[in-house]
Amino acid sequence: MLGNFEYANPTRLYFGEDSLGYLNVELPKFGQTIMLTYGGGSIKKNGIYDQVVEILRANGKTVVEDPGVMPNPTVEKLYEGCRIARENQVDLILAVGGGSVCDYAKAVSVSAYCEEDPWEKYYLRMEDVDNPVIPVGCVLTMVGTGSEMNGGAVITNHESRLKIGHVFGDNVFPKFSILNPVFTYTLPEYQMVAGIYDIFNHICEQYFSGEDDNTSDYISEGLMRSLIRASRIAIQNPADYEARSNIMWTATWALNTLIAKGKTTDWMVHMIGQSVGAYTDATHGMTLAAVSMAYYRHIMPCGLAKFRRFAVNVWDVSPEGKSDETIAAEGLGRMEAYMKELGLVMNLRDLGVTEDMLEGIADGVLP
Ligand code: NZQ
Ligand code: ZN
């Protein structure tokens with residue numbers, strides 16, 4: 001393990017079919033007013049909303065609703081959430097939804113009492129928080145981002161065509177997250193597979209860096225193998241609890257800071273994918289899928305040993321009698337076949353990218 005590091009993760013997780021009941025344990029720890037934050041309505045259709053509201057009522061909480069968080073939450077919605085949080089002096093933001101809702105909740109938590117424009121402070125100038133932070137709790141309904149156990153909060157500014165993530169510190173991580181795999185059964189297949197690839201790519205972004213022998217890489221290989229197996233089962237049978245639970249747990253560990261330890265990472269697929277997202281508003285996981293194969297084939301010669309190891313340890317490519325280049329290329333070939341098997345979007349055109357956007361997308365990668 002190279003370098004010096006510190007490790008702690010402040011988020012308490014409750015996992016499993018009965019995990020929502022633990023809201024009864026968490027709610028008494030916070031004040032009276034709860035901001036119930038959610039997306040475009042899926043939780044009303046699948047009944048999660050009713051279950052959560054019943055528990056909030058049973059705990060005697062005052063509920064302030066903050067609905068309508070869109071996928072890839074916008075800066076305008078952030079300003080609206082800040083106003084609701086401030087005017088009602090909320091004591092906890094309870095995010096019920098996917099990464100967009102959880103990210104947005106964290107963005108509101110640091111911005112509600114920010115005296116400057118939060119977009120400029122946190123996203124353009126990347127400054128730290130120096131004002132009171134409202135605690136956040138999550139009930140996760142869509143798996144992929146790891147937002148349930150990290151400090152990430154990605155916000156999109158359509159006017160300036162920028163989609164930027166700020167990774168906040170421990171004080172902004174959710175105080176608790178409830179992970180019930182059954183809540184993910186109603187996800188449309190498109191969202192499910194986009195989330196699966198988001199997880200896979202989070203692991204790749206951290207794995208493809210460094211050449212030292214590093215425990216993080218062995219953990220990553222295990223996570224990838226578990227994900228590949230579980231995802232193949234879940235696309236056949238979305239209600240397979242074992243598969244959905246493994247996907248959910250893998251997602252959390254793929255991006256909760258553990259496998260980044262001792263690594264240097266540049267997150268280049270995500271940087272490009274986010275810039276594509278700023279232009280197209282496409283589903284996050286699909287933006288990553290669309291740029292991945294071209295990117296990994298491009299960088300493979302610079303990290304041949306790692307791509308060879310990936311092929312053998314993750315994709316079971318037999319190395320006998322083959323050159324390192326052949327083995328590495330075979331590994332990427334298997335990865336591409338797997339992505340097609342899941343039904344991922346494999347090129348930018350299918351996401352609505354046109355040639356005139358390319359220069360702007362490139363400029364938005366490192367604004
Ligand atoms: O809005 P509703 O109606 O709830 O519908 C959502 C949304 O349309 C739907 N959905 C969620 N749970 C469902 C469901 N539909 C049926 N049944 C359920 N149980 O799914 C759609 C997508 O949800 P969203 O939250 O947007 O997806 P995801 O979890 O992929 O989050 C994407 C956002 O997270 C950011 C992305 O950039 C994007 O803005 N990321 C956050 C990261 C982090 N915090 O560390 C890292 C990631 O790399 C990513 O950048
Ligand atoms: Zn991602």
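Where in the chain is Gln89 found? Gln89 is in the loop between helix 4 (75-87) and strand 4 (92-97), where helices (H or I, at least four residues) and strands (E, at least two) are DSSP runs numbered from the N terminus. This is a predicted model, in which local features need pLDDT of at least 70, side-chain atom pairs count only at pLDDT 80 or more, and totals for chains, interfaces and linings use all residues. Residues are numbered from 1 along each chain as its sequence is written, chains are lettered from A and ligands numbered from 1 in the order in which they are written, and side-chain values use heavy atoms, with hydrogens and water left out.

**Ligand 1**

- Ligand 1 is surrounded by 31 residues, of which the closest are Gly40, Ser42, Gly99, Ser100 and Asp103; a residue belongs to this shell if one of its heavy atoms lies within 4 Å of the molecule.
- By class, the shell around ligand 1 holds eight nonpolar, 20 polar and three charged residues. Here Ala, Val, Leu, Ile, Met, Phe, Trp, Tyr, Cys and Pro count as nonpolar, Asp, Glu, Lys and Arg as charged, and the others, Gly among them, as polar.
- Two or more residues of the shell around ligand 1 come from each of helix 5 (99-111), strand 6 (152-157), helix 7 (189-207) and helix 10 (268-280).
- Ligand 1 lies between domain 1 (12-183) and domain 2 (189-365), because both give residues to its shell. The domain bounds come from an automatic or database domain assignment.

**Zinc ion (ligand 2)**

- The zinc ion has as protein donors Asp198 (OD), His202 (NE2), His270 (NE2) and His284 (NE2), at 1.9 to 2.2 Å. Donors are N, O and S atoms within 2.8 Å of the metal (3.2 Å for Na, K and Ca); water is not among the atoms, so sites may look incomplete.
- The spacing of the donor residues in sequence is D-x3-H-x67-H-x13-H.
- Distant parts of the chain are linked by Asp198, in helix 7, and His284, in helix 11 (residues 284-299), which are 86 residues apart.
- Asp198 is buried at 2% relative accessible area. Buried means under 20% relative accessible area, exposed over 50%, and partly exposed in between (1.4 Å probe, protein chains only).
- His284 is likewise buried, at 17% relative accessibility.
- Gly285 is found in helix 11 and is buried at 4% relative accessibility. Its C-alpha lies 8.4 Å from that of Ile199, and Gly285 and Ile199 are 86 residues apart in sequence.

**Positive phi angles**

- Most residues other than glycine have a negative phi, and most peptide bonds are trans.
- Gln89, not a glycine, has a positive phi of about 45°. Gln89 is exposed, with 59% relative accessibility.
- Arg161, not a glycine, has a positive phi of about 55°. Arg161 is found in the loop between strand 6 and strand 7 (162-167) and is partly exposed at 38% relative accessibility.

**Other positions**

- Lys263 is placed in the loop between helix 9 (241-254) and helix 10, and is buried at 12% relative accessible area.
- The side chains of Lys263 and Asp217 are joined by a polar contact of 2.7 Å. A polar contact is a pair of N or O atoms within 3.5 Å; within protein, one must be able to donate a hydrogen and the other to accept it, and residues adjacent in sequence count only if both atoms are side-chain atoms.
- Ser109 lies in helix 5 and is buried, with a relative accessible area of 0%.
- Cys204 is found in helix 7 and is buried at 0% relative accessibility.
- Pro10 lies in the segment before strand 1 (12-15) and is partly exposed, with a relative accessible area of 39%.
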